[in-house]
Amino acid sequence: MKYILVLCLALVGASGCTGTRAAYSSADTIDEYAFVLTEHYAALVNQSANIVESPTTPELSKRVLRQAESRVNEVMVGTPEAPGVALLARAYRKGGADPTKLQEAIDTAIVRLADFVRAIRGVVK
Amino acid sequence: MNSVLLTIITLRSIATIAQVTGDIKTANMLRLLADSIEVGAATDEHLALVAEKLKTRDLTEADWDDVLSRIEVDRRRLHGMEE
């Protein structure tokens, strides 16, 4: 399925979302992939914060965004006791983390990040 | 049908096929891509800059410090936390 993913990344590029495609394609190592995922999450947190700060955003929408973001944060950053993608990737760079654990964290983070994106999409529509 | 909508539909369709064939990771990634296209240009522009960074040099600890710092600042704004 990997070649299909590559084709789809090309498709994303053709649709005009070249930045997203370029970032994920540029990642050559697992920690670089983790970095792109973290930056993707950071951009979405920024976008969500802008939405929440808008006086016209309903309280329910704010709650939805906050809940969705919190679920991502716990697997994307985590805590020193329960590190997420970013903390595991930093440790991996220094030779102190199991790449399998990092991959598992990335896999979980992708799912929650997609949920976060859908939450934002539901609010901005 | 415009190209963006067609791309989204195609990505979701391929994600469904991937899921049916048992490739859950690919399916999840494709759905993330499809949803990201819908959400907007600002994120895409930001990730374009990230791509340039990765192409031109290796990641540093400062890069990680920077992204984690930005996340913290924006989380405070999102959750209405006091500074």
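Biologist: How many salt bridges does the rule find across the interface of chain A and chain B?
Modeller: Eight. The model is predicted: local features need pLDDT of at least 70, side-chain atom pairs count only at pLDDT 80 or more, and totals for chains, interfaces and linings use all residues. Residues are numbered from 1 along each chain as its sequence is written, chains are lettered from A and ligands numbered from 1 in the order in which they are written, and side-chain values use heavy atoms, without hydrogens and water.

Biologist: Why is the pair B:Glu61 and A:Lys94 called a salt bridge?
Modeller: The rule asks for a side-chain nitrogen of Lys or Arg within 4 Å of a carboxyl oxygen of Asp or Glu. Here the closest N and O atoms are 3.8 Å apart, so the pair qualifies.

Biologist: What makes A:Glu53 and B:Arg77 a pair that joins two chains?
Modeller: Their side chains form a salt bridge, N to O 3.0 Å. A:Glu53 lies in helix H3 of chain A and B:Arg77 in helix H4 (residues 61-79) of chain B, so two chains are joined. Over all chains, the search finds 17 salt bridges.

Biologist: How many residues are in contact between chain A and chain B?
Modeller: 61 residues of chain A touch 47 residues of chain B, with contact meaning heavy atoms within 4.5 Å. The area buried between them is about 5,000 Å²; that is accessible area (1.4 Å probe) lost on being put together, summed over both parts. Carbon and sulfur atoms give 68% of the buried area.

Biologist: Which helices of chain A supply at least two residues each to the side that touches chain B?
Modeller: Among them are H1 (2-14), H3 (30-53) and H6 (99-124). H3(A) gives the most, 22 residues. The side of chain A that touches chain B has 34 nonpolar, 14 polar and 13 charged residues.

Biologist: Which residues line the largest cavity?
Modeller: Lining residues have an atom within 4 Å of a point. They include A:Cys17, A:Thr20, B:Leu33 and B:Asp44. H2(B) gives the largest share, three residues.

Note on methods
Buried area is the accessible area (1.4 Å probe) that two parts lose on being put together, summed over both. Helices (H or I, at least four residues) and strands (E, at least two) are DSSP runs, numbered from the N terminus. Ala, Val, Leu, Ile, Met, Phe, Trp, Tyr, Cys and Pro count as nonpolar, Asp, Glu, Lys and Arg as charged, and the others, Gly among them, as polar. On a 1 Å grid over the protein atoms alone, a cavity is a set of points where a 1.4 Å probe fits but cannot get out, and a pocket is an open set with protein on both sides within 12 Å along at least five of seven lines; lining residues have an atom within 4 Å of a point.
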